[in-house]
Each structure stands twice: as C-alpha cells, then as structure tokens.
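Subject: Structure for your review

Dear colleague,

Please find below the structure that I am handing over to you.

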Amino acid sequence: GTPAGLPSGERYHDQARFFFGLYQILIDHYQPSVVFVLNGIPCVSSALSAVARRLSIPTFWLENGLLPATLVLDPDGVNYGASISGDRWHQRDRCPANASQLEGLRRYRERLCRSAETLLTRGEIMDRTQIRQTLGIPADHRVVVVPLQLEKDSNIICYSPVFKSMHAFARFGVDTFASREKWSVIIKDHPKRAPGGDAEMEAMAGANVYYVRDIRVTSLLDAADAVMCLNSTVGLEALMRGLPVIALGQSTYSEKGLTYDAYRENPMMGRLDTFLDQPFDNDAFESFLYELLATHLLPVAGDEDAFGARARMVKNILASMDRDGREGPPRLAVPACVIKCIKSAEKEFQSLRRLSGSRRPMIIVKGDIMGRRRRRLRAALERALPGVVLHEASGLKCLASRMRHSHAASVHFPRRDPKL
C-alpha cells in the first residue's frame with residue numbers, strides 16, 4: 001500500500017514496483033549484511049527498506065541531523081518514526097548520564113545557544129533589543145515565534161495530522177495569541193520557501209503580528225518567550241533555550257512532557273495559559289537531550305564525540321550483523337558520510353573492516369546528503385580504504401543496466417513524475 005500521507009494512485013505504485021524490483025536486483029548482486037536508507041519515507045527509500053525487511057536484512061535509517069553538524073542514524077526510522085519518538089520513548093532502555101557527561105551536555109547546550117549556529121544559517125543576526133526595535137514590538141509584550149515549514153517535506157506529509165497548509169497553520173497561531181493580552185506574534189518564513197515573499201502571509205501582518213523572512217531564526221528565539229510549531233527542528237532549538245513549545249505536529253521531542261502537544265483534530269488550547277506560565281522542566285529535557293546525542297545523532301564534524309554516539313552506533317551495527325544469520329563475512333551498503341563519521345571510532349571501525357574479510361564493503365555515496373563536499377570526501381575515502389567498491393546513487397540506473405543482463409528480471413526506467 002501507499003505509505004501514510006504520500007500520494008496514492010497508479011503512478012505512485014508503478015514507481016514503487018519499479019524501485020522495489022531494482023533494489024531486489026542490487027541486493028541480490030551485492031548481498032549486503034546491513035542496509036542504510038536515507039529518510040525512508042519517499043518512494044525510492046521506502047522501496048529499499050521494504051526489500052530489506054522482506055529479506056530480513058538489518059536496516060538503519062539516515063536523515064539530516066536535528067542539531068547542527070549531526071546526522072540521524074536510527075534502527076527504526078526517522079522523525080516521529082524513530083526509536084526515540086512516540087510511545088517507543090517510554091519503552092526504551094535509556095543511557096544514564098554521569099556527572100561529567102551532564103556537565104559536558106550543559107557546556108554543549110550553552111555553546112550552541114550562545115552561537116548563531118543553526119541547521120540553515122541564513123538571515124541577519126540581531127539581538128533581542130534590535131529585533132524589538134526593528135519590528136516595533138511593544139516593550140510590555142511577550143513574543144511567540146511561529147516558524148513555517150515546507151509543505152512538501154515528508155515530516156509535514158506524514159507527521160502533521162492537522163495542518164498541511166502553512167497558511168492555515170500561521171492563521172491558527174495568529175488567532176490563538178490574538179485573543180491573549182500583551183502578546184505579539186512573529187511568523188518566521190522557512191529559508192527554503194519561494195523567494196519574493198508570500199502575499200497571504202504578509203496580509204496576516206498587522207497589529208502585533210509580524211511576518212519575517214530575513215532575520216536568522218536563532219536571533220528570533222533569543223527574542224522569544226514561546227514557540228508554536230508543527231514538528232520543526234526550531235522546536236528543539238527552542239527547548240535548548242528553555243522556552244515553552246506548543247507542538248501542533250508529531251516529532252522526536254513531542255510526547256515527553258516537554259511540550260504542549262495539540263495535534264489532534266480541533267486542537268485544544270484550554271490549558272495553554274497554564275503551560276506558558278509553568279517553569280521549564282530542565283531535568284527532563286537534559287535526560288532527553290543526552291539520549292538524543294548519545295544514541296540517535298551521529299556527529300559529522302571533526303573527531304569529537306563527547307557523548308560516545310559513534311562507538312555506540314557502530315557496536316549496534318556490528319550486533320545487527322551478528323544476528324543476521326548469513327554465512328561468510330558480512331558486507332555493508334552504507335553511505336560514505338557514515339563511514340567518515342564512524343572511522344574516527346577507530347577500534348570499532350577496524351572491527352567492521354575485519355568482519356568484511358576478503359569481501360570488500362560496498363559503499364553507496366549518497367550525493368544529495370554530501371553536497372559540494374562529496375567529491376573531496378570520496379577522494380579521502382578512496383585513500384583511506386584502498387580497493388573499496390564505490391557507487392554513486394545517481395549511477396544506479398547505469399549499474400542496473402549493466403547488471404540486468406545477468407538476471408532474469410527485466411528493468412525498465414519510466415519517466416519519473418516530479419510530483420512523486
């Protein structure tokens with residue numbers, strides 16, 4: 001069936017069947033012991049995870065990190081589908097943090113909040129006073145920031161059950177706080193939304209409502225007293241600053257007693273005033289943040305691994321290999337960026353190489369996650385791992401075309417529908 005929230009219809013199923021068949025051929029050819037899936041929700045990725053599940057191959061999901069310089073690596077899924085989300089949070093065995101680790105966590109949190117570092121570093125940096133003066137916010141008003149998202153993002157499609165339209169979401173935010181005395185609303189446009197502004201959003205601006213495009217979101221958070229979001233990473237950045245967060249969508253940080261969760265049909269705001277005035281539960285947030293950094297987010301910058309995530313994740317990968325029941329040395333189907341990250345966990349990385357034995361690990365370089373650094377990383381990877389088998393994700397068609405002559409299955413490449 002069609003994954004929840006994704007387009008249905010013959011076109012989608014034709015494409016899903018095509019990629020399902022393609023990945024069956026590729027997996028049959030390379031016989032990986034572990035499969036890594038980027039995002040796991042769109043048609044291409046969900047087909048790969050479906051094939052892996054059908055063949056009982058351990059699967060790990062990847063996604064851009066929730067905090068700067070991180071990458072999600074999770075055995076269950078991404079966003080609200082991850083092992084750290086929803087009811088799974090209350091069922092998991094968590095990593096307790098000792099006093100030294102908690103001190104390191106606080107330093108990390110303080111450094112991130114003090115800097116203007118964020119996932120999308122666009123917009124002008126201002127302090128709280130400058131923002132209030134520039135926008136004309138009354139001195140005695142509290143401020144709520146309403147960050148917009150991309151409507152075609154899988155996080156909105158699958159995990160925002162009430163609001164699919166940013167206009168409807170923004171209007172709800174304005175209506176919710178317009179009835180509250182001495183509150184101002186800042187609607188923050190997403191950096192990747194179409195340039196040139198949004199006339200409907202601009203029309204919402206008026207008395208104590210401001211539509212902002214060119215101020216960095218970290219600056220707005222420093223000027224905010226609360227955040228109302230769907231499931232944006234801005235919600236997590238707000239929690240890092242101890243701000244009250246109203247969550248109108250499902251996310252990794254919702255349903256943990258940290259947020260005002262209101263993503264049922266006809267969201268209830270009756271207890272909102274009480275929530276906005278209650279003290280922030282810092283201990284509960286630090287427990288969640290440590291678990292996030294120690295088990296869910298892989299650091300991708302430099303060799304620093306303050307919370308042991310790299311070593312812990314590599315051990316999980318090795319454990320999944322031991323459970324797969326295959327004969328002979330295992331093989332990996334894994335993006336190069338993960339190899340770069342786990343290589344700094346030298347002992348565990350050498351274990352991966354020994355397990356691979358004479359059968360060289362296959363590494364799929366996922367171009368869209370590495371961006372401009374991909375070629376430089378590939379060159380460094382080839383130097384570090386001589387003889388490794390590398391394949392560009394964009395070259396899958398050519399690879400399958402070469403392979404299909406040795407398989408009974410025939411592979412056709414229909415023109416891709418840009419809407420899918």
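**Findings**

Glu200 lies in helix 8 (residues 199–204); helices here are DSSP runs of H or I with at least four residues, strands are DSSP runs of E with at least two, and both are numbered from the N terminus. Glu200 is partly exposed, with a relative accessible area of 45%. The terms used for this are buried for under 20% relative accessible area, exposed for over 50%, and partly exposed in between, with a 1.4 Å probe and protein chains only. Glu200 and Arg171 are 29 residues apart in sequence, and their C-alpha atoms are 10.0 Å apart in space.

Please note that this is a predicted model, in which local features need pLDDT of at least 70 and side-chain atom pairs count only at pLDDT 80 or more, while totals for chains, interfaces and linings use all residues. Residues are numbered from 1 along each chain as its sequence is written, and side-chain values use heavy atoms, with hydrogens and water left out.

**The protein as a whole**

The protein has 18 helices and 13 strands. Of its 420 residues, 52% count as buried. Among the contacts (heavy atoms within 4.5 Å) with a separation of 6 or more, 67% come from residues 24 or more positions apart.

The structure holds zero disulfides, a disulfide being a pair of cysteine sulfur atoms within 2.5 Å. As for individual cysteines, Cys95 is partly exposed at a relative accessible area of 23%, whereas Cys229 is buried at 0%.

**Helix packing**

Two packed helices are described by the angle between their axes and the distance between the axes. Helix 4 (residues 99–114) and helix 12 (residues 282–295) pack at an angle of about 90°, and their axes are 11 Å apart. Helix 4 is therefore roughly perpendicular to helix 12. Axes are lines fitted to C-alpha atoms, for helices over the stretch in contact, and angles run from 0 to 180 degrees between N-to-C directions; 65 to 115 degrees counts as roughly perpendicular, under 35 as roughly parallel, over 145 as roughly antiparallel and the rest as oblique. On the side of helix 4, the contact is made by Gln101, Leu102, Leu105, Arg106, Tyr108 and Arg109. Helix 12 contributes Asn282, Phe285, Glu286, Leu289, Tyr290 and Leu293.

Helix 10 (residues 233–240) is largely enclosed by the rest of the structure, because seven of its eight residues are buried. These are Val234, Gly235, Leu236, Glu237, Ala238, Leu239 and Met240. The elements against which the buried residues of helix 10 pack include helix 4, strand 4 (142–147), strand 7 (226–229) and helix 12.

**Aromatic rings**

A search of the whole structure finds ten aromatic pairs. Rings of Phe, Tyr and Trp (its six-membered ring) pair if their centres lie within 6.5 Å; planes under 30 degrees apart count as stacked, over 60 as edge-to-face and the rest as tilted. One of the pairs is formed by Phe163 and Phe172, which is tilted, at 5.3 Å centre to centre and 50° between the planes. Both Phe163 and Phe172 are buried. Trp89, Phe280, Phe285 and Phe288 form one aromatic cluster.

Arg94 lies over the face of Trp89, 4.0 Å from the ring centre. The charged end of Arg180 sits over the ring of Phe177, at 6.0 Å from its centre. For such a charge, NZ of Lys or CZ of Arg is within 6 Å of the ring centre and within 35 degrees of the ring normal.

Most residues other than glycine have a negative phi, and most peptide bonds are trans. Ala69, in the loop between strand 2 (59–64) and strand 3 (70–74), has a positive phi near 60°. Ala69 is partly exposed, at 38%. Asn79 has a positive phi of about 55°; Asn79 lies in the loop between strand 3 and helix 3 (88–91) and is buried, at 11%.

Arg216 lies in the loop between strand 6 (209–212) and helix 9 and counts as buried at 13% relative accessibility. The C-alpha atoms of Arg216 and Thr121 are separated by 7.0 Å, although the two are 95 residues apart along the chain.

Val212 lies in strand 6 and counts as buried at 4% relative accessibility. Leaving aside neighbours within four places in sequence, Val212 is in contact with Leu135, Ile186, Ile187, Lys188, Asp189 and Leu220.

Yours sincerely
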